[in-house]
Amino acid sequence: ITACRRLQSSLKPHPLCARSSSSPGATAGMSEQNTPSSDQALYQAPPSVRGMTVLDREAFTQTVTVPALLVPTGLVNRALKSLKKLTLQRPGVKRVVEEEGCGETHKLVLLDPRVSSLDAIAGTGLQDLGVASEIRHFALRLTYDNLRSEEVLRAVLPDGHDVTSGFSRVGHIAHMNLRDHQLPYRNLIGQVIMDKNPGVTCVVNKTNSIDSTYRHFSMELLAGEDNMVAKVRENGLLYEFDFSRVYWNPRLSTEHERIVSQLRREDVVVDVFAGVGPFAVPAARRGCAVFANDLNPESFRWLQHNSRINKVTDKVTAFNLDGRDFIRGPVRDLLPDLLRAKTSVHVVMNLPALAIDFLDSFRGLLAHEPGVGVACEGTLPRVHCYSFSKDDAPQRDVVRRAAASLGAELDGVCSVHMVRNVAPNKEMLCVSFTLPKEVVFRSLEEPSAKRQKLEEGTAS
């Protein structure tokens, strides 16, 4: 504790170290860590790089002065261990360097640039060994390779602008959502992201909103190879797909696992908007029979491919239909036998922008099978329907809208899970419920005062 207090009082910006200002509202969307506060003052980019649109790596080179300790060569490892976070932390920079005139007897240990006196190392035990008699200064040459993404981009973009809007990693692809003021620098930004993130060989930028029909983005290549076929591991399984032509969200792995963990071997899964298989494939690996559908022909193709490479083709039956046609066709044909056998059925509807609108497909789905209603008591399918909400009370909002589309009250008989915050004031949620018997077996011609009341409530 005493050593920490001494460190707090002795750490201050070194007068010979450059100082850089942080842009207001800067966002950290890099996969690398943010710049530690300990050496933010170490590097100040040359003014000439401001406004650069074609990356010139040499232009970022400069020499800075950092504090250092002269340490006997035999004590270097102990010094590094004792100093811990007091040493210089900088990509590609060695913390131990040669000191001119000392030969092999002594080395210089480079320190945090804010260490300005020996008080900072009090309590480390090094002074007792005669290690430190003074803080020395070392001229350190920093290059582009020693800088973090955020530092480079902060130096290039106009002062006060957001550095990045973040990116998602999908295999070898970094997927960005650049803002308008960043677009003039997009190719430079793409190159920096690729340089600073090992394994990224392609950087793309989303150019419009998600396509609601096939659920994929239009995107432009910012840097690297024009190869959009990604290989991704999620929850122990391998997926391959053309990222430019299908939908994949790396932030949903926990949600995929949450739903699959509820399944038991021999359950049946009906995946209405299956994509390339992030629900279907792990469910099949769990031992479930899966009926998976997607309207996008590319998603359908990669769904079949992912079933093959994960060795679950015997468990997955794939369809390439509109969601409503899938429910009122193959699903309607399958359900009677499944319900008579009292098989547990889970219906997954992961199309948050539209899925709730498809719930009306279950109205009267088995009205032509009145005898099944008696046999299936307690075994009707469990639905997991995803939706976005911008409402101040998002849980109440999705339940109300789901009930209106379904034509049945859901208050008290459903659960709502908050999946993730998609944007300011926009949440992604999953509402789960057992299909009401009166919805599935009621004739579409039957009047329903409750259904009319729900629909009128939604319209108002």
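**Reading the fold step by step**

Modeller: Begin with the inventory. The protein chain has twelve helices and 17 strands. Keep in mind that this is a predicted model.

Biologist: Let us turn to a helix pair. How do α3 and α4 cross?

Modeller: Look at the axes and the angle. Helix α3 covers residues 149-156, and helix α4 covers residues 186-196. Their axes come within 10 Å and cross at roughly 160°. An angle over 145 degrees counts as roughly antiparallel, so α3 is roughly antiparallel to α4. The crossing is right-handed.

Biologist: Which residues make the contact?

Modeller: From α3 come S149, V152, L153 and V156. From α4 come L188, I189, V192 and K196. By type, the residues of this contact are six nonpolar, one polar and one charged.

Biologist: Is α3 mostly covered or open?

Modeller: Mostly covered. Eight of its eight residues are buried. Among them are E150, E151 and R154. The cover over the buried residues of α3 includes α4.

Biologist: Now the backbone. What is the general idea about phi?

Modeller: Most residues other than glycine have a negative phi. Look for the exceptions.

Biologist: What is the phi of K311, and where is K311 found?

Modeller: Phi of K311 is near 60°, a positive value in a residue other than glycine. K311 is in the loop between α7 (297-309) and β13 (316-319). Its relative accessible area is 71%, so K311 is exposed.

Biologist: And what about N425?

Modeller: N425 is not a glycine, yet its phi is positive, about 65°. N425 sits in the loop between β16 (414-423) and β17 (426-434). Exposed means over 50%, so N425, at 66% relative accessibility, counts as exposed.

Biologist: How do I read a loop residue such as H172?

Modeller: Ask for its place, its cover and its neighbours. H172 lies in the loop between β5 (167-170) and β6 (173-176). H172 is buried, with a relative accessible area of 13%. Leaving out residues up to four places away in sequence, H172 touches G199, V200, T201, C202, E225, N227, V229 and A230.

Biologist: Which positions does UniProt give as "binding site"?

Modeller: Treat this as a record. The unreviewed UniProt entry places "binding site" at H256, D294, L295, D322, G323 and N350.

Biologist: Is G323 buried or exposed, and where is its place?

Modeller: The place of G323 is in helix α8 (residues 323-340). Its relative accessibility is 3%, so G323 counts as buried. Not counting residues up to four places away in sequence, G323 touches V272, F273, N293 and F358.

Biologist: Where is N350 found?

Modeller: N350 is in the loop between β14 (345-349) and α9 (372-375). At 7% relative accessibility, N350 counts as buried.

Conventions:
Residues are numbered from 1 along each chain as its sequence is written. This is a predicted model: local features need pLDDT of at least 70, side-chain atom pairs count only at pLDDT 80 or more; totals for chains, interfaces and linings use all residues. Side-chain values use heavy atoms; hydrogens and water are left out. Axes are lines fitted to C-alpha atoms, for helices over the stretch in contact, and angles run from 0 to 180 degrees between N-to-C directions. Helices (H or I, at least four residues) and strands (E, at least two) are DSSP runs, numbered from the N terminus. Angles under 35 degrees count as roughly parallel, over 145 as roughly antiparallel, 65 to 115 as roughly perpendicular and the rest as oblique. A crossing is left-handed if the near helix is turned anticlockwise from the far one by less than a right angle, and right-handed if clockwise. Contact means heavy atoms within 4.5 Å. Ala, Val, Leu, Ile, Met, Phe, Trp, Tyr, Cys and Pro count as nonpolar, Asp, Glu, Lys and Arg as charged, and the others, Gly among them, as polar. UniProt positions are given in the numbering used here, feature names are shortened, and annotations may be inferred rather than shown by experiment. Buried means under 20% relative accessible area, exposed over 50%, partly exposed in between (1.4 Å probe, protein chains only).
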